[in-house]
Amino acid sequence: MHYPFWDQPIGYGVLMAVIAVFHVFVSHFAIGGGLYLVVNEQLARRAGDTERLAFLEQLSKFFAMVTLVAGALTGVGIWFVIGLLAPAATEALIHNYVWGWATEWTFFVVEIAAAMLYFYGWKRLTAKAHLTLGWIYFGAAWLSLVVINGILTFMLTPGRWLVTGDFWQGFFNPTYWPSLVLRTGVCVMLAGLYALLVASRLEAGDFKARTVRLAAGWAVVGLAVIALAQAWYWKAIPAAVTARALETMPTPVRAIVLSLWLAAALGAVGMALVILAPRRFGTAAALAFMALGMAWFGAFEWSRESLRKPYILTGYMYGNGAEVAETANYRRDGFLPQITFRTGDDGADLFRHACRSCHTLDGYKALRPALAGADRAYILALIQGAHLLRGNMPPFLGTPREAGLIADHLYQRTDHRTLAAIYPLDGLALGRRAYDLRCGKCHAVGTASDKAKSLAGQSAEDLSGMLDMAASLGEGMPAYTGDAAERKALVAYLQTLSQGGKP
Amino acid sequence: MTLPDYHFISAPLWLVTALHLLTLTLHLAAMSCLLGGTLIALWAGVRKQWPAPDAAGFARVLPAATAATVSLGVAPLLFLQLVYPRQIYAATIVSGWFWLAVIGAVIMAYYALYRTSFQAHRTGQVSLGLLALAALGLLYTSLVYSSVFALAEQPDVLRALYAKDQSGWVWNPAVGAYGLRWLHMVLGALTVGGFFVSVLGRKSPAMAATGRAALVGGMAAAAAVGFLYLVSLDTYLDTYLGPYMRTPAMPVLVVALALALAALHLHSRKRLALAGLCLFLSVFGMVYLRHVLRLVRLRGSFDLAAWRIAPQWSPFLLFLVCFILMLVVLVWMARLFFRPEPEVETQRKHQP
C-alpha cells in the first residue's frame with residue numbers, strides 16, 4: 001500500500017513466470033553443470049582421455065556463455081521484477097533476510113570469478129590448479145543454492161518464524177531440506193540435459209555414444225533424486241496448506257502434480273532410450289528433452305507459487321501486498337488511508353491495490369469477460385466474498401464503502417447488456433453461461449463446493465425459489481440479480497447439472 | 001497471534017552504511033573500468049590509435065570487467081534497498097519499463113563484449129560495431145540509474161508523476177536534476193577507465209598515452225561537471241546548506257580532490273599501485289559525498305534515525321566470515337591464475 005502500483009498490461013504472474021522460469025532453468029544448470037565439468041575432467045585426466053577433455057572445454061565455453069551472462073543477469077532480473085511487482089513483500093524479505101542475501105552474494109562473487117578463471121584456464125593452468133578452480137566453482141555455486149533455498153522455502157512455509165520472528169527458524173523451515181535435495185537433483189538432471197545438447201552435435205561414433213550415455217546417466221540420476229525428494233517435499237508442506245489448495249483450486253494443482261509425474265516418467269523413458277541408442281541421438285531430440293525439462297521445472301515452480309495462495313508470504317502477507325497483521329486496521333480505516341501514492345480516482349487506486357496484482361481487465365485472469373453481463377450488486381457481492389471464490393483469493397479487507405468504489409470501477413468497465421444479448425445463446429448454452437457467471441465462481445463442477453448432487457431431482461419451481469433466497473443460503477452467497485430470461489435458462493441448466501449439464 | 005514486524009534494520013546503521021559505501025565503491029571502480037574502458041577502446045579504435053594486438057588484448061579483458069561490475073553491483077543495491085526501500089522501489093516502479101530494460105541492455109552489452117573478445121582472440125581484430133553496441137547498452141544503464149535514483153530523492157515529484165501515469169513508462173523529466181550527475185559519473189568512469197587502460201597497456205606506448213589522456217582529461221572534466229552539478233542543486237543547498245556544512249562532507253570533498261590529484265602525480269611517476277589506491281580512495285570519498293547529498297535531499301521526508309534497529313548478529317557473523325573467505329579465495333584464485341609458472345608450459349592442456 002505504501003508503494004505506487006505498476007499498472008502494466010501483462011499479468012503480474014505471467015511477467016514473473018517468464019523471467020523466473022528461464023532463470024531457474026539456467027541457474028540450476030550453473031550448479032549441476034559445474035559439478036559435471038569438474039567430475040568428468042577429473043575422470044578424463046585420470047584416464048588420459050584427451051578427446052573427453054576437448055569436449056569438456058567446448059562444454060565449458062557453452063556453460064560460461066549461458067551461466068555467466070544469461071544466468072547471472074536474469075537472476076538480477078528476478079530481483080528487479082519482484083521489486084516492481086511486489087515491493088512490500090520484497091521489502092519484508094530483505095529486512096528479515098538481508099544477511100542471508102548478503103551471504104549468498106559472497107558465494108555468487110566467488111562463483112562468477114571461479115567460472116571465468118576455469119573457462120580461461122584450460123590452456124593456462126596445470127591440471128591440478130584447473131581442477132581446484134572447478135571444485136571451488138561448484139562449491140560456491142551450490143552454497144549459493146543452500147542460502148537462497150532458505151529464503152525461497154520460507155515464502156511457502158515460514159514455520160515457527162510466524163511466532164518468534166527468528167531468522168534461523170524461518171530459514172530452516174519445514175520445506176528447507178526436501179527442497180534443497182530436490183533442487184540439487186534438478187541441478188544434476190539439468191547438467192545431463194545441457195551436456196546432451198552439446199553432445200548431440202558431436203560426430204557419430206564411439207565417443208559420441210559414450211558421451212551421450214554418460215550425460216543421460218546424469219539426467220536419470222537427477223530425476224531419481226527429484227522423484228524421491230518431491231514426495232518428501234509435498235509431505236513437508238503443512239496439511240492445511242495443501243488441503244486448502246486442493247479444495248479450492250483443484251484443477252491447477254492436480255494438473256500440476258500430474259504434469260510433474262508425467263514429465264518425470266517421460267524423462268526417464270526418454271533417458272532409457274538414449275542409453276540404449278546413444279549413436280542416433282540428434283540435436284532435435286536433445287532440444288525436446290530440454291523443453292521437457294523446462295516444462296517440468298516451470299510446472300514445479302508454478303505449483304509452488306499456486307500452493308502459496310492467497311499469500312505471497314504464507315500467513316503473513318497476501319498476494320496483493322495486504323499485511324495480515326494490519327487486518328484490523330484495514331477493516332476499521334480502510335485501504336485508502338494506507339495508499340501512499342494516489343491518482344485522484346479512488347476506485348482505480350483501490351482496484352489496483354486490492355485486485356490488480358493477480359487480475360487484468362483483458363489479459364491474464366481477465367475480469368472484463370468474467371464479469372460481462374453482471375450487475376453492480378453482484379460485482380459488489382463478489383468483492384466482499386472474494387475469499388470464498390475459487391482460486392484461493394485473499395479476503396477483501398477494506399471498508400464496505402471501498403468495496404462499493406471497486407464495484408463501481410469494474411461495473412463501468414464491463415458489458416452491461418444481458419447475457420443473451422452479449423452472447424448469441426439460448427437454452428442450456430445460455431444457462432451454462434449464466435451458471436459460470438452466477439454460480440461457478442464458487443461452485444465449480446468437480447470441486448469440493450460442487451452442488452450438482454444436491455440439486456438432482458429438484459423441480460424448476462424449487463430451483464427458482466432457491467435462487468430467490470440465494471442470499472440466505474450461506475455465508476457470502478450473493479442474491480440472485482439476473483433477469484427473467486437468464487433465470488429461466490439457469491434453472492433449466494441446474495436441472496441437468498447432475499448429468500453434466502446435458503439434457 | 002502477534003506477527004513479527006519487518007520494519008527494522010538488522011544491524012547498526014553505521015555498519016550497514018559502511019558496507020553500502022564500501023561495496024558501492026567496489027562496484028563503481030569495476031563499472032568505471034568497464035564503461036570507461038569500453039568508451040576509450042571505441043575511441044581509440046575509431047581513430048586507429050592502438051596496434052591491433054594491443055586492442056585485441058584489451059578487448060579480451062572487458063568480459064571479466066563486466067562480470068566484476070555485475071557481481072559487485074548486487075551488494076550495494078541490496079543495502080540501498082534495505083535502508084531506502086520506500087524511495088527506491090517507488091522510483092523504479094514509476095519508471096518500471098525503463099528500469100526492467102536495464103537487464104536486457106546489460107545482457108546485450110555483455111554478449112557483445114564476449115563476442116568481441118572471442119573475435120579478437122580468433123582474428124586479432126576488434127569489432128567496433130560490437131564495442132559501440134556494448135557502449136550503448138552500458139550508457140543506457142547508467143542513464144537509467146541516474147534518472148531513477150535522482151527521482152527517488154524527489155518524493156513530491158514522484159507522487160505527481162505517478163498521479164498522471166501509472167504505466168511504468170515515466171521517464172524522469174527533471175533532466176536538470178540528473179543530467180549533470182550522469183555526465184559527472186560518465187566522466188569519472190573515463191578517468192578510472194583511463195587509469196585501467198594505462199595500467200593494462202603500460203608496455204604499449206599508444207595505449208599508455210590514450211589511458212593517460214583519458215585519466216587527466218576525464219578528471220578535469222569530471223571535476224568541472226561535478227562542481228556545476230553541486231551549483232545546480234542550489235535550491236536544495238540554499239535550504240539545507242547549514243545541515244550539509246555540518247556534516248563531514250566538505251572536508252571529505254577536499255581530501256577526495258587531493259587524493260585524485262595525488263593519483264595523477266603518482267601515475268606520472270609510474271607508481272601505479274599507489275596511484276590506483278589514491279584513485280580508489282578518492283572514489284570512496286565521492287561515494288560518501290553522494291550518500292550525504294542523498295540524506296540532505298531527502299531531509300523533510302525521510303529520517304534515518306527513525307529506523308528501528310534490531311540486530312541479527314548470528315546471521316551477520318555468518319556473512320562476515322563468508323565475506324572474509326570470499327576475499328581470501330578471490331586473492332588466492334587470482335594468484336593461482338596469474339602467477340608465472342614455467343612448468344605450466346610443459347603441462348599443457350588435456351594432460352592427465
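Q: Which residues have the most contacts inside the largest nonpolar core, and how many residues does that core have?

A: A nonpolar core is a set of buried nonpolar residues joined through their C-beta atoms. In this predicted model, the largest such core has 262 residues, and those with the most contacts inside it are Ala114(A), Ala191(A), Ala195(A), Leu196(A) and Ala219(A). Helix 3 of chain A, residues 87-120, gives the most to this core, with 23 residues. Domain 1 (12-318) and domain 2 (324-411) of chain A both give residues to the core, so it lies between them.

Q: With which residues is Ala191(A) in contact, leaving aside its neighbours within four places in sequence?

A: Once those sequence neighbours are set aside, Ala191(A) is in contact with Phe29(A), Gly32(A), Gly33(A), Leu35(A), Tyr36(A) and Trp218(A).

Q: How is chain A divided into domains?

A: Chain A is divided into domain 1 (12-318), domain 2 (324-411) and domain 3 (419-499). Taken over C-alpha atoms, the centres of domain 1 and domain 3 of chain A are separated by 46 Å.

Q: Where is Pro310(A) found, and what kind of peptide bond joins Lys309(A) and Pro310(A)?

A: The angle to read here is omega, which is about 5° for the cis peptide bond that joins Lys309(A) and Pro310(A). Pro310(A) is found in the loop between helix 11 (283-308) and strand 1 (311-313) of chain A.

Q: Turning to chain B, how many helices and strands are there?

A: Chain B has 14 helices and zero strands. Along its principal axes, the C-alpha trace of chain B spans about 70 × 45 × 45 Å, and buried residues make up 48% of the 352 residues in the chain.

Q: Why does the span of helix 5 of chain B agree with its 28 residues?

A: An α-helix has 3.6 residues a turn, so residues three or four places apart point the same way. For length, one counts 1.5 Å a residue, and the 28 residues of helix 5 (residues 96-123) of chain B should therefore span 40 Å, while the end C-alpha atoms are 41 Å apart, which agrees. Just after helix 5 of chain B, Gly124(B) takes a positive phi of about 80°.

Q: What is phi in Lys48(B), and is Lys48(B) buried or exposed?

A: Phi of Lys48(B) is near 50°, a positive value in a residue other than glycine, and Lys48(B) is found in the loop between helix 1 (13-46) and helix 2 (52-59) of chain B. Lys48(B) counts as exposed because it has 10 C-beta neighbours inside 10 Å, where the cut-off for exposed is 12 or fewer.

Q: Which elements of chain B touch chain A?

A: To begin with the count, 58 residues of chain B are in contact with 69 residues of chain A. The elements of chain B that give two or more residues to this side are helix 3 (62-83), helix 4 (85-94), helix 5, helix 7 (155-164) and helix 13 (313-338). The largest share, twelve residues, comes from helix 13 of chain B. By kind, the residues on the side of chain B that touches chain A divide into 41 nonpolar, 13 polar and four charged.

Conventions. Residues numbered from 1 in each chain as written. Chains lettered and ligands numbered in written order. Predicted model: local features only at pLDDT ≥ 70, side-chain atom pairs only at ≥ 80, totals over all residues. Helix = DSSP H or I, 4+ residues; strand = E, 2+ residues; numbered from the N terminus. Expected span 1.5 Å × (residues − 1). Buried ≥ 20, exposed ≤ 12 C-beta atoms within 10 Å, placed from the backbone. Contact = placed C-beta atoms within 7 Å. Nonpolar A, V, L, I, M, F, W, Y, C, P; charged D, E, K, R; others polar. Domains from an automatic or database assignment. Core = buried A, V, L, I, M, F, W, Y, C linked by C-beta atoms within 7 Å.
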